[in-house]
Amino acid sequence: MRLRTRLLVLSVSTVAAIVVVLFALHLDSLTRVWIDNAIERSNDKGKQIQSLIGLRIADAPASATSSLAQIKRTWNRIIAGDQGLADMLVEQAAVRSGAIIEINIIGEDGRVLLSSIPARQGQAAPSAESLASIRDSVWARLSAITTSTTDYETRIPLGIPEQPKIFEIQLLSSPELLQDNVKKGLYITALASLLALFAAAGLAVVSTQLALRPIRRIGRAIDTLAAGRPLGLSQPVESREDREVAAVEYKLSLLGEKMQGARRDAIGTLVRTVAHEIKNPLNAISLRLETLRLRIADEAPDAEPEVDLVSNEVQRLDRVVRTFLDLNQPMELDIREFDPSELTSSVLETMRPAATQAGVNLQLVRPPRGFTVQADRGLIEQGVLNIVTNAIQALDNGGLVKASVSMVNGVCEIAVADNGPGMPVNVREKIFEPFFTTKSTGSGIGLAFTKRAMELHRGGIDVESSPGSGTTITLSFPALRRQA
């Protein structure tokens, strides 16, 4: 899982956990409030009924010598036969105040004397859990407003000092009405919690982007160093924002400079060694060619052009070695006037035997009107030769290599295109680095030399390539246009 995804999941899950906990706490608080409200309303209503029954009993004639048993019988008769009181119980239960659905007056024997439900009269009083007993238990409260289907009761005693509980007023509260009341209050809370969760997710996305921005900067800096390019930081950036990241970038820049310096030193040492080993044989070959020229001048004059061709190639190779040795040092160009179309044609003819052996067809597209340029012919020729060689080697199963010459706004362009497999991005970014090659027998100096040659001419080299679409490399350098 990506770091960005992990941060998003962590942030959203943390906020979600907080929202769930707060929602649960609010749910518990709301449930407690509604249970307290139901208990309070049941007590209030019970006391009202208690007062009313007391008035009814007080209005009845009583003897001062009545015994406790006589008082109980009198009270039972008054309660059981009071139709007005029965109607009042029905009316009070119908109000559903505090979730109350039933009111019963229970005698000492546990039977209902009077009820808001007429059919209940004379039967055993219904058994129910006390509403007050669930108030102090979290799980009992949660069950009351989620899964409970049984009613809860509140009982208020009615009697005299000698026996305070002759009757009991039972008020039954429905859990379904409690649940409905709690759900109404939770709807707004649930909506607010959901909006908070979405807002937290949006903030998590933004904060993750901001948090990862320094890491992405460091990643880009490392990629730049891996590609062999300098970061270009001469000093650390002194700012409050991302000061630590800027310091890391600066240290990476210093490290990159040291790496590039060490690399240049290593390459320089290797190049000097290789150039020394190559120049000695080249000098020997050049001397032997001059001796051979003198010997065959009279005996085989027709062979002299061939000797001249070999001598020119030796001189060009010597120039290549010296140029590569001076890749990072100034050098003088041998500026001459020549026809770039003729130069490109000469390179194609030189490479034609190798192309024929590989099954590759070479094609030259000349400009509509010929022109000449002023540049270092040897360097330009070697650059074109390097590109054509690479194009032929890229075509494993044969194909087409097409070279074209043109002049655009005073800039000479020599493009070499092939219909080979193309290059992925990671290879395309490194092909001009010295000693980088994807071939088992390659040296990795051809395109590095070509790029250096174009830079010496204040020109450039452009690559267009993608897997499966072939490769086109274009050399461009400013030149004076003249009609050939």
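Modeller: Gladly; keep in mind that this is a predicted model. Start with Phe477, leaving out residues up to four places away in sequence. Phe477 then touches Val373, Ala375, Ile380, Val411, Cys412, Ile414, Met454, His457 and Gly459.

Colleague: Which residues have the most contacts inside the largest nonpolar core?

Modeller: That core has 42 residues. Phe477 touches Ile380, among others. The residues with the most contacts inside the core are Ile380 and Phe477.

Colleague: How many residues are in the second, separate core?

Modeller: Its members include Leu89, Ile103, Phe167 and Ile169. The second core has 22 residues.

Colleague: In S12, which residue is the bridge partner of Asp462?

Modeller: In general, strands of a sheet pair through backbone hydrogen bonds, either parallel or antiparallel. S11 and S12 (residues 471–478) take the antiparallel sense, over six bridges. The partner of Asp462 in S12 is Thr474.

Colleague: Let us move to another strand. Is Gln170 buried or exposed?

Modeller: Gln170 lies in strand S5, residues 163–173. Buried means under 20% relative accessible area. Gln170 has a value of 0%, so the word for Gln170 is buried.

Colleague: Which residue's backbone oxygen does the side chain of Gln170 reach?

Modeller: Leave aside the neighbours of Gln170 within four places in sequence. Its contacts then include Glu102, Ile103, Asn104, Ala125, Pro126 and Arg155. At 2.9 Å, the side chain reaches the backbone oxygen of Pro126.

Colleague: How many bridges join S4 to S5?

Modeller: A hairpin joins these strands through two residues. Ile156 stands opposite Ile169 in S5. The strands run antiparallel, and the number of bridges is eight.

Colleague: Which residue in S4 stands opposite Glu129?

Modeller: S3 (residues 129–130) and S4 (residues 152–160) run parallel. Two bridges join them. Opposite Glu129 stands Tyr152.

Colleague: Is Ser130 buried, exposed or partly exposed?

Modeller: Ser130 is found in S3. Buried is under 20% and exposed is over 50%. Ser130 has a relative accessible area of 32%, so Ser130 is partly exposed.

Colleague: What separates the C-alpha atoms of Ser130 and Asp151?

Modeller: These residues are 21 residues apart along the chain. Leaving aside neighbours within four places in sequence, Ser130 is in contact with Tyr152 and Glu153. The C-alpha atoms of Ser130 and Asp151 are separated by 9.1 Å.

Colleague: Last one. Which residue's backbone nitrogen does the side chain of Ser130 reach?

Modeller: Here the distance is 3.3 Å. The backbone nitrogen belongs to Ala132.

Terms used
Residues are numbered from 1 along each chain as its sequence is written. This is a predicted model: local features need pLDDT of at least 70, side-chain atom pairs count only at pLDDT 80 or more; totals for chains, interfaces and linings use all residues. Side-chain values use heavy atoms; hydrogens and water are left out. A nonpolar core is a set of buried Ala, Val, Leu, Ile, Met, Phe, Trp, Tyr and Cys residues joined through side-chain atoms within 4.5 Å. Buried means under 20% relative accessible area, exposed over 50%, partly exposed in between (1.4 Å probe, protein chains only). Contact means heavy atoms within 4.5 Å. Helices (H or I, at least four residues) and strands (E, at least two) are DSSP runs, numbered from the N terminus. A polar contact is a pair of N or O atoms within 3.5 Å; within protein, one must be able to donate a hydrogen and the other to accept it, and residues adjacent in sequence count only if both atoms are side-chain atoms. Two strands pair if DSSP finds at least two bridges between them.
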